Amino acid sequence: MVNCCTFILLLSVLLCACTNQNIECPAVLPLEAEMDSFTDGKLFLPEQKRPGEKYQIAVVFSGEYWEFFENLKAAVKGFSAIGWGRDITIPNTISTGYDLIKYLSQVDFSNYIAFSPQLFFDLEWGQKTMDVPAEADVILAYGGIAGQLLYDNADRYGIPILIDAVTDCFRLGLTQTVSDSGKNMVSCKIDVNQFKRQIELFHTLTGFTNLGIVYGDDEYGHTYSAVRDIKQMAEVLNFCIIEDTSVREYASDDTVPLYLSALERVARQADAVYIGASAAVTEYDNMHDISEVLVSCRVPSFSLEGSKRVKEGILFGLGSSAFIRSGIYTAKKTAMVLHGILPRTLPQEFENIKTFAVNLDTAERIGFTIPFELLLGADEIYPQPVPYIQE
């Protein structure tokens, strides 16, 4: 195996201009090219609600979660890309939905749309009711809890609702078909095969024959660990599933210990492990412990949540460039709604291209050989290579 230091040296020669925390190869089209995914460009042209008056955008989070924040931040960048907002730099110190909304309300972001703290709602992973002020012109809802609450009350609210960042809209009853939400004021973002593509990519990268998964045997566990898609892909790619469901999908004193024990049992039997968004993964800051279990078992891993977890020690995941395309998609749909298009008639299907992130330190620790040509195709590489400086 070529060691990590050699990899870093070779990558530094080729990618010496990179100065960010990670390396981002051009795996997606430029933002301008994304403008062609809908047919009528006139529906994206910015306009004020009335002369001197901005459209009001409400935002609802199921709970504070990094993925919701990244999707919202991407939507803000998407508004800038299609001309509805100015190109602003969001400070790195901002990491929550509320703080982002507060920041947007204080800067000169747009002449056409406005965000305000009064129109930001955090359901804290369980709130079942909420009142949306009548001045809201569109609602951006992130996550299954927010999606279900708003979908069930869509007729009562009478406000266009765009649902995003939901693992399985079908399982949660947020749409009737891929193209029809079933409710006039609702449109979802649906990537039907996103997790199947992840499993296919992971299989291509590692060639596993036994895939390990850990999840709670309830609605949350099945949905947020993509169990249905994994089982379908097992038939397509002819691999076996090693599973353990003796975990909790809610916060308690033994949520993490149960998960780590189950993960170790699975990792010692499987030749690859897929890390879903189980409660022990998303609700606790314990990725170091999870990564150490996988390393001790010398097993390659792939995270459903993407490059954030790769940076924290998981071997593979999707690259963060997916958020760029998602943000433009959301901005376009919002613009169309503000132009008077009925949400139910908007396209719901969204497909990200295959990108991936890799952690070289983890690869070296488990003895996993990564072909150099594969690294050149990676969207993000951790840790950051030291730039090569030619004397």
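Predicted model: local features only at pLDDT ≥ 70, side-chain atom pairs only at ≥ 80, totals over all residues.
Student: What makes Ser181 count as buried or exposed?

Tutor: The term buried means under 20% relative accessible area, exposed means over 50%, and partly exposed lies in between (1.4 Å probe, protein chains only). Ser181 has 0% relative accessibility and therefore counts as buried. Of the 391 residues of the chain, 54% count as buried.

Student: Where is Ser181 found, and which residues does Ser181 touch?

Tutor: Ser181 is in the loop between β6 and β7. Helices (H or I, at least four residues) and strands (E, at least two) are DSSP runs, numbered from the N terminus; the chain has 15 helices and 14 strands. Leaving aside residues up to four places away in sequence, Ser181 touches Tyr151, Leu174, Thr175, Gln176, Val186, Arg344 and Gln348, where contact means heavy atoms within 4.5 Å.

Student: How do you know that Ser181 has a polar contact with Lys183?

Tutor: A polar contact is a pair of N or O atoms within 3.5 Å; within protein, one must be able to donate a hydrogen and the other to accept it, and residues adjacent in sequence count only if both atoms are side-chain atoms. A polar atom of the Ser181 side chain lies 2.9 Å from the backbone oxygen of Lys183.

Student: Which residues of helix α4 are buried, and against what do they pack?

Tutor: In α4 (residues 144-152), the buried residues are Gly144, Ala146, Gly147, Leu149, Leu150 and Tyr151. They pack against β2 (55-61), β5 (138-142), α5 (154-157), β6 (161-164), β7 (186-188) and α7 (219-224).

Student: Why are the buried residues of α8 said to line one face of the helix?

Tutor: In α8 (residues 227-237), Val227, Asp229, Ile230, Met233 and Ala234 are buried. Viewed down the helix axis, these residues fall within an arc of 155 degrees, so they line one face; the arc is that of the directions from the helix axis to the C-beta atoms. Glu235 and Val236, on the other side of α8, are exposed. The buried residues of α8 pack against α6 (194-206), β8 (210-214), α7, β9 (240-244) and β10 (272-275).

Student: Why is the link between Glu53 and Arg50 called a salt bridge?

Tutor: A salt bridge requires a side-chain nitrogen of Lys or Arg within 4 Å of a carboxyl oxygen of Asp or Glu. The closest N and O atoms of Glu53 and Arg50 are 2.9 Å apart, and the two residues form a salt bridge. Glu53, at 29% relative accessibility, counts as partly exposed, and Arg50, at 46%, also counts as partly exposed.

Student: What is the setting of the salt bridge between Glu305 and Arg309, buried or exposed?

Tutor: The N to O distance in this salt bridge is 2.6 Å, and both Glu305 and Arg309 are buried. A network of salt bridges links Glu305, Lys308, Arg309 and Glu312. The whole structure holds 16 salt bridges.

Student: What makes Tyr55 and Trp84 an aromatic pair, and which type is the pair?

Tutor: Rings of Phe, Tyr and Trp (its six-membered ring) pair if their centres lie within 6.5 Å; planes under 30 degrees apart count as stacked, over 60 as edge-to-face and the rest as tilted. By this rule there are 21 aromatic pairs. Tyr55 and Trp84 are 6.3 Å apart centre to centre with 50 degrees between the planes, and the pair is tilted. Tyr55 lies in strand β2 and Trp84 in the loop between α2 (66-81) and α3 (97-106), so the pair ties together parts 29 residues apart in sequence.

Student: Why is the pair of Phe61 and Phe120 assigned its type?

Tutor: The ring centres of Phe61 and Phe120 are 5.2 Å apart and the planes stand at 70 degrees, so the pair is edge-to-face. Phe61 has a relative accessible area of 0% and is therefore buried; Phe120, at 10%, counts as buried.

Notes. Residues numbered from 1 in each chain as written. Heavy atoms only, no water.
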